[in-house]
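Dear colleague,

Please find below the structure that I am handing over to you. My notes on what was found in it follow directly after.

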Amino acid sequence: MKITKPRLALICGILCISIFPILVKLKLTSGLISAFYRMAIALALLLPYVLITGNFKLPKTKYILLAALCGLLFASDVTVWNIAIQDSSATQASLLTNLSPVWVGIGSFFFLKSKPTTNFWIGTVVSLFGMITLVGFSFFLELNFNQAFLFAVLSGILYSIYLLVSKNVLSHVDVLSFMTINLIASSIYLGILCYALDEPFTGFSDTGWFVLVLQAVMCQLCAWLSISYATQHMRATRVSLSLLSQAVITSILAWLFLEEQITLQMVFGGIILLFGIRITFYDKTISLKKLFTKG
């Protein structure tokens, strides 16, 4: 598989967002205020840069509104996922959120000219089986269908809508301009929401502030500039499925920093998951008929 610039950007983006569940699980701030500062600090760093360098180009009104809509969708996605992680296990929240490739595939089938390929659906099934193996089959027998469960599912749906809309916008708007409008909309939206719900904007520990800055720089700016670039040049379905590999990297980071256990089953599940992703990057269409018939 040739490593092109979009694919390299996607890999960098996945590595950057993989640390996010670990930071949220520390519970140094509430999920909502964490989402606000993730966007606001990222905006405070990006806006001066694009204005000084002249990299911000105001798109047509239609695409300004769509980029702003992406900001609202992504902000809502991060918020409900934060709450799901903090109110349940990171495993449950990550698994349910990572059902997004299914929603993206269905959305692409109905709304995008670029339809999901046979390889995508095969890769999705294999990857989801890998995800199930990773977290354990018994996990599904113990699912708690509470607010955290619903928020995790909602996060996956919001994220899939975000990917589909952003794919359309990024066909007409450059990445830096898109991200700037996106962050302005999400920061204002989350700021109003935090104020309305009486969330504290200050009073965090030094470690808490450090984590907020780290989320903004690594998990927002570095990650989503890279992923947006990849989305601009790759299929939305392929990008969404590739992001499943985040679960594998997050598990390794949780083992290193939170002393969470990694079992042989998790390793096996991770290998299956990554193999499923690899199938979607296979250029020749896989024929199911040839696989299940002799000769």
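In these notes, two residues are in contact when heavy atoms of theirs lie within 4.5 Å. By that criterion, and not counting residues up to four places away in sequence, Thr29 touches Ser34, Gln86, Phe204 and Leu212. Thr29 is located in the loop between H2 and H3. Its relative accessible area is 12%; the limit for a buried residue is under 20%, so Thr29 counts as buried.

Please note that the model is predicted.

Overall composition

The protein contains 15 helices and zero strands. Of its 295 residues, 52% are buried. Where contacts join residues at least 6 apart in sequence, 89% of them link residues at least 24 apart.

The nonpolar core

The largest nonpolar core has 61 residues, and those touching the most other members are Tyr162, Val169, Phe178, Leu183, Trp224 and Leu243. At least two core residues come from each of several helices, among them H1 (5–17), H4 (61–87), H9 (147–169), H10 (175–196) and H11 (206–233). Leaving aside neighbours within four places in sequence, Val169 is in contact with Tyr63, Leu66, Ala67, Cys70 and Phe178.

Helix H1

The 13 residues of H1 should span 18 Å at 1.5 Å a residue, and the C-alpha atoms at its ends are 18 Å apart, so the two values agree. Buried residues in H1 are Pro6, Arg7, Ala9, Leu10, Gly13, Ile14, Cys16 and Ile17.

Packing around H10

H10 packs with H4 at an angle of about 55 degrees, their axes being 7 Å apart. The two helices H4 and H10 are therefore oblique to each other, and their crossing is right-handed. On the H4 side, the residues that meet H10 include Ala67, Cys70, Gly71 and Ala75. On the H10 side, the residues that meet H4 include Phe178, Ile181, Ala185 and Tyr189.

How do H10 and H11 lie to each other? Their axes come within 10 Å and cross at roughly 125 degrees, so H10 and H11 are likewise oblique to each other. H10 passes H11 in a right-handed crossing. Val175, Leu176, Phe178, Met179 and Leu183 in H10 meet a set of H11 residues that includes Leu221, Trp224, Leu225 and Tyr229.

Yours sincerely

Terms used: Residues numbered from 1 in each chain as written. Predicted model: local features only at pLDDT ≥ 70, side-chain atom pairs only at ≥ 80, totals over all residues. Heavy atoms only, no water. Core = buried A, V, L, I, M, F, W, Y, C linked by side-chain atoms within 4.5 Å. Buried < 20%, exposed > 50% of the residue type's maximum accessible area, 1.4 Å probe, protein only. Helix = DSSP H or I, 4+ residues; strand = E, 2+ residues; numbered from the N terminus. Expected span 1.5 Å × (residues − 1). Axes fitted to C-alpha atoms, helices over the stretch in contact; angles between N-to-C directions. Parallel < 35°, antiparallel > 145°, perpendicular 65-115°, else oblique. Left-handed = near helix turned anticlockwise from the far one by under 90°.
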